[in-house]
Amino acid sequence: MKQLSFNKLYFEGIKDAIPISIGYLPIGIAFGVLAKSMGIPYEISILMSLIIFAGASQFVGVNLIAIGTSSFEIVLTTFILNLRHFLMSSSLSQRIDYTKSKKFLSLISFGVTDETFAVASLKEELKLSPEFLFGLNFTAFFAWNFGTFLGIFLAESIPKEIQSSMGISLYVMFIGLLIPAVRRSTKVLKIVLVAIFISSALTWVPVFKFISTGWIIIITTIVASFIGAKFIHGDGDE
Amino acid sequence: MSREEMVLLVIFMAIVTYIPRMLPIVLFKDAKLPHFWRAFFSYIPYAALASLIFPGIIYSTGNIYSAVFGGIVSLILAYYRLNVIIVVFGGIIGAYLAQMLI
């Protein structure tokens with residue numbers, strides 16, 4: 001009986017990873033194609049998807065390798081790009097059901113990405129089970145690696161229009177996750193509007209031009225959540 | 001860059017990617033935070049998602065019009081609480097159709 005409920009938790013994670021996988025496949029393919037076109041040896045691109053498992057870092061990484069950037073700069077850029085996951089893991093740590101060993105938790109944490117974080121953190125359950133997170137994170141991991149593999153070995157046959165249309169898939173998945181929460185709570189709506197305002201300003205106002213996308217996400221998340229906790233948290237609804 | 005250097009580089013990239021993902025989950029085990037910080041962390045998903053969506057989405061297909069159209073389609077589908085998978089396919093098909101018509 002106990003065994004059965006464990007399997008159910010893993011399975012729920014696998015099921016919730018389906019939309020992520022739909023998004024990861026084409027982007028993984030695009031990564032494989034790009035890396036190949038830049039002359040990166042295929043075993044290096046495969047290794048990247050296996051042990052880095054971070055889309056933006058891998059794209060930037062192969063670009064920087066191709067133009068001959070120093071290794072130190074590439075590692076530093078990767079670190080900065082992924083600092084936002086520190087915030088996401090911190091937020092998740094408040095909800096994880098700490099019933100499993102640290103070893104298991106450190107394994108799960110390898111699979112924290114923008115997308116797995118979004119799906120997990122918008123679950124309605126108060127506590128997130130480690131088994132669910134494992135199913136979710138590693139199904140997404142599998143899709144990403146499968147996509148990379150397809151991109152390297154049988155890419156170019158996919159029509160360009162379809163490939164580029166699929167570039168939108170992860171963004172619309174985020175919309176699909178966020179909008180129901182916005183409908184439920186005007187506080188969430190306010191925080192979302194504040195965040196959109198900040199990230200738009202940081203992207204388009206010329207004086208902020210020097211700030212990279214990774215930092216825009218970090219700054220926006222911290223400032224909007226702070227404003228939310230300080231000024232929006234107490235006022236009405238829910 | 002030699003193959004050995006690339007392998008080493010990828011390993012270092014993997015380490016700096018893993019550390020921010022792992023540290024809070026392993027270290028903050030059951031941390032009891034004051035009310036304000038609990039609220040702060042509970043808002044992070046929404047703030048992070050909003051900044052991940054916008055303005056990035058409008059550059060996601062290489063054509064602003066098709067991206068905006070796909071985004072609007074998925075916004076409408078999500079508003080009516082349709083399953084995320086339908087929202088995703090709606091957005092992709094919307095962007096694809098707009099691309100074909102332009």
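Where in chain A is the place of Gly111(A)? In this predicted model, Gly111(A) sits in the loop between α7 and α8 of chain A. The residue has a relative accessibility of 0% and therefore counts as buried, the limit being under 20%. Beyond its neighbours within four places in sequence, Gly111(A) is in contact with Phe53(A), Thr116(A) and Asn137(A). Its C-alpha atom lies 12 Å from that of Leu92(A), a residue 19 places away in sequence.

The relative accessible area of His85(A) is 2%. The side chain of His85(A) makes a polar contact of 3.0 Å with the side chain of Asp114(A). With neighbours within four places in sequence left aside, the contacts of His85(A) comprise Val112(A), Thr113(A) and Asp114(A), together with Pro20(B) and Arg21(B) of the other chain.

The interface between the two chains was examined next. In chain A, 89 residues are in contact with 70 residues of chain B. The area buried between chain A and chain B is about 7400 Å², and 77% of it falls on carbon and sulfur atoms. Between these chains there are 15 residue pairs in polar contact, counting pairs in which both residues have pLDDT 80 or more. On the side of chain A that touches chain B, helix α11 (residues 169-184) gives the most, with 13 residues. That side of chain A is made up of 52 nonpolar, 29 polar and eight charged residues.

One salt bridge is counted between chain A and chain B. Its partners are Glu43(A) and Arg3(B), with the closest N and O atoms 2.3 Å apart. The pair runs from helix α1 (residues 3-27) of chain B, which holds Arg3(B), to helix α3 (residues 42-51) of chain A, which holds Glu43(A). Both partners are partly exposed: Arg3(B) has a relative accessible area of 45%, and Glu43(A) has one of 31%.

Over all chains, the count of salt bridges comes to six. Side chains of opposite charge can pair when their charged atoms come close. Within chain A, Asp16(A) is bridged to Lys123(A), the closest N and O atoms being 2.7 Å apart. This pair links distant parts of the chain, since Asp16(A) is in helix α1 (residues 2-16) of chain A and Lys123(A) is in the loop between α8 (114-121) and α9 (130-154), 107 residues apart. Asp16(A) is buried at a relative accessible area of 16%, and Lys123(A) is buried at 17%.

A further salt bridge joins the side chains of Glu131(A) and Lys100(A), with an N to O distance of 3.8 Å. Here too, distant parts of the chain are linked: Glu131(A) lies in helix α9 of chain A, and Lys100(A) lies in the loop between α6 and α7 (102-109), 31 residues apart. Glu131(A) is buried, with a relative accessible area of 5%, whereas Lys100(A) is partly exposed, with a value of 25%. Salt bridges that share partners also join Glu12(A), Asp16(A) and Lys123(A) into one network.

Helix α13 of chain A spans residues 213-232, and its buried residues include Gly214(A), Ile216(A), Ile217(A), Ile218(A), Thr220(A) and Thr221(A). Also among the buried residues of this helix are Ala224(A), Ser225(A), Gly228(A), Ala229(A) and Ile232(A). An α-helix has 3.6 residues a turn, so residues three or four places apart point the same way. The buried residues of α13(A) are covered by elements of both chains, including α5 (71-82), α6 (84-93) and α12 (186-204) of chain A and α2 (35-53) of chain B.

According to an unreviewed UniProt entry, the feature "transmembrane region" is placed at residues 17-35, 42-59, 134-154, 166-182, 188-208 and 215-233 of chain A. Two of these annotated spans were considered in the model. Residues 42-59 of chain A are 83% helix and 0% strand, and the end C-alpha atoms of this span lie 14 Å apart. For residues 166-182 of chain A, the end C-alpha atoms lie 25 Å apart, and the span is 88% helix and 0% strand.

Notes:
Residues numbered from 1 in each chain as written. Chains lettered and ligands numbered in written order. Heavy atoms only, no water. Buried < 20%, exposed > 50% of the residue type's maximum accessible area, 1.4 Å probe, protein only. Helix = DSSP H or I, 4+ residues; strand = E, 2+ residues; numbered from the N terminus. Contact = heavy atoms within 4.5 Å. Buried area = accessible area lost by both parts, 1.4 Å probe. Salt bridge = Lys/Arg side-chain N within 4 Å of Asp/Glu carboxyl O. Polar contact = N/O pair within 3.5 Å; in protein donor to acceptor, adjacent residues only side chain to side chain. Nonpolar A, V, L, I, M, F, W, Y, C, P; charged D, E, K, R; others polar. UniProt positions renumbered as here; feature names shortened; annotations may be inferred.
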